Amino acid sequence: LIHSARQIVQVVAKGERVLRGRDMSTIAVLEGSDTEYLSLLVNRKGLIEDFGTDTEVQSRHPDLKVDRRIDAAGKCIIPGLVDAHTHPVWAGDRVHEFAMKLAGATYMEVHKAGGGIHFTVDHTRRASEEELYCSFKKRLGTMIKTGTTLVECKSGYGLDMDTEIKMLKVIERARRDFHIDISSTYCGAHAVPKGKTSAEATEDVINVQLPKIKKMMNDGELMVDNIDVFCEQGVFDTEQSRRILQAGKDMGLLINFHGDELHPTHSAEMGAELSATAISHLEEISDDGIAAMVESGSVGVVLPTTAYILRLNPPPVRKMIDSGMAVALGSDFNPNAYCMCMPLVMHLACVLLKMSMPEVLAAATINSAAALGKADMHGSIEVGKYANLMVINANRWEHLIYQMGCHDEVIHYVIYHGSVV
Ligand code: NIG
Ligand code: FE
């Protein structure tokens, strides 16, 4: 029982799976008063059993025996944050490239000179599974501390079968052992490996890597949820990307990929045709792309850290929201954008992308859960969903965004499946 909260925020109606367009600014808030406190009840399976005023909850559960009571006097309860896009398994940082980019080098200049993703691939191929697991676990610990309870994790720094599988195994091990929920993504087409053409790499992904992953999934050795590709000028073109995504979809993976980031490539239109669950970046999305994604119901995942670090045009988020697209948020944590702190990402989304705080809360919870096809169990306070929650150490939840970079002060507890972590 989490007791005496002042507000319970981001309650959605039963069955609501995504908040679109202007609905995003009408998130529900239950507000307590000096005489009437609020409670949230979690059952032994770690699911939300009930919430409401103390009187309501007690009257619905008259014989309630409480194992553990968490005092949240004067505080707010919001859903645990969902980070819809990360690249968290890698070795070898790229701090030296940060200086190059500050001096004016573009992302693609660094990449074409053999740095960027290629640098990380060299280091990740050489790292052992154990080394990758250790650094990954530490990063997951940081994510939990900053309020993330469900995170999407990509492979993509192997670009060969052995290393891609090594990365997916590391993700799988953490999924089993660690107190954070994970959605895993095969991103073997994250870049064209040195020595291959994009056409050869496309065939390798479709005819060699995906069949092997399918076999491992069938044998119960691996669980993979999503298929990703970097659809970009000079990486995988729109037709190659379409074939890779379709091959992943054919084996039951959800389509969730990088598109329309640095150049307009009509990734959004292509993804919508394939009924992509989500498309990330979208700085260069066209008006037709927006309309197509609204029509297909694909979630647009925006990544403010990357646009900020690379000084890109921000994605046209206002247009996307006003057109009725469901917009989600991710940290895009990777060696280029070293940020895994969702409250900071939320702050950037407000200031740089001009989203309102309620829109940002929806984008970092229910809509990011929808981007992973997991909004049935994640992303809002609803009876029957996982009790993944955050207790905010303030009388208004907006402090989480307002107190920039102060998550230690603002986050009182992170609760995973009903237990404080
Ligand atoms: O989402 N755009 C491609 N992939 C990543 C960057 C990966 C890297 O630079 O290591 C992104 O920003
Ligand atoms: Fe990314």
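Two strands count as paired if DSSP finds at least two bridges between them. Helices (H or I, at least four residues) and strands (E, at least two) are DSSP runs, numbered from the N terminus. With that in hand, here's a quick one: Leu 38 stands opposite Thr 53 in β5.

This is a predicted model, so to speak of local features takes a pLDDT of at least 70, side-chain atom pairs count only at pLDDT 80 or more, and totals for chains, interfaces and linings use all residues. Residues are numbered from 1 along each chain as its sequence is written, while chains are lettered from A and ligands numbered from 1 in the order in which they are written.

**Overall build**

- The protein chain comes to 17 helices and 18 strands.
- Its C-alpha atoms fill a box of roughly 70 × 45 × 40 Å along the principal axes.

**Two domains**

- The chain splits into domain 1 (2–78 + 381–420) and domain 2 (81–371), with bounds that come from an automatic or database domain assignment.
- The C-alpha centres of domain 1 and domain 2 lie 30 Å apart.
- Where they meet, 22 residues of domain 1 are in contact with 30 residues of domain 2; contact here asks for C-beta atoms, placed from the backbone, within 7 Å.
- On the domain 1 side, α16 (399–402) and β17 (411–416) each supply at least two residues, and β17 gives the most, with three.
- That side of domain 1 divides into 13 nonpolar, six polar and three charged residues. Ala, Val, Leu, Ile, Met, Phe, Trp, Tyr, Cys and Pro count as nonpolar, Asp, Glu, Lys and Arg as charged, and the others, Gly among them, as polar.

**The eight-stranded sheet**

- Eight strands make an open, parallel sheet, in the order β8-β9-β10-β11-β12-β13-β14-β15.
- β8 (81–83) and β15 (327–329) sit at the edges with a single partner strand each, so one side of each has no neighbour in the sheet.
- From one strand to the next, the twist averages 25°.
- Helix α6 (161–177) packs on this sheet, touching β9 (148–154) and β10 (181–189), and its direction makes about 175° with that of β10. Axes are lines fitted to C-alpha atoms, for helices over the stretch in contact, and angles run from 0 to 180 degrees between N-to-C directions.
- Four bridges join β12 (254–259) to β13 (278–281) in parallel; one pairing to look up is Phe 257 with Ile 279.

**The four-stranded sheet**

- Another open sheet, with mixed pairing, has four strands in the order β5-β4-β1-β6.
- Its edges are β5 (48–53) and β6 (70–71), each with a single partner strand.
- β4 (38–42) runs antiparallel to β5, and five bridges join them.

**Around β17**

- β16 (389–392) and β17 run antiparallel, joined by four bridges, and Met 390 has Val 414 as its bridge partner.
- Two bridges link β17 to β18 (419–420), also antiparallel, with Ile 415 partnered by Val 420.
- The β17–β18 hairpin has two residues between the strands, and His 417 there takes a positive phi near 45°.

**Ligand 1**

- 13 residues surround ligand 1, and the closest are Ile 117, Phe 230, Thr 306, Asn 334 and Asn 336; a residue is near if its C-beta atom, placed from the backbone, lies within 6 Å.
- The shell divides into four nonpolar, seven polar and two charged residues.

Notes: Contact = placed C-beta atoms within 7 Å.
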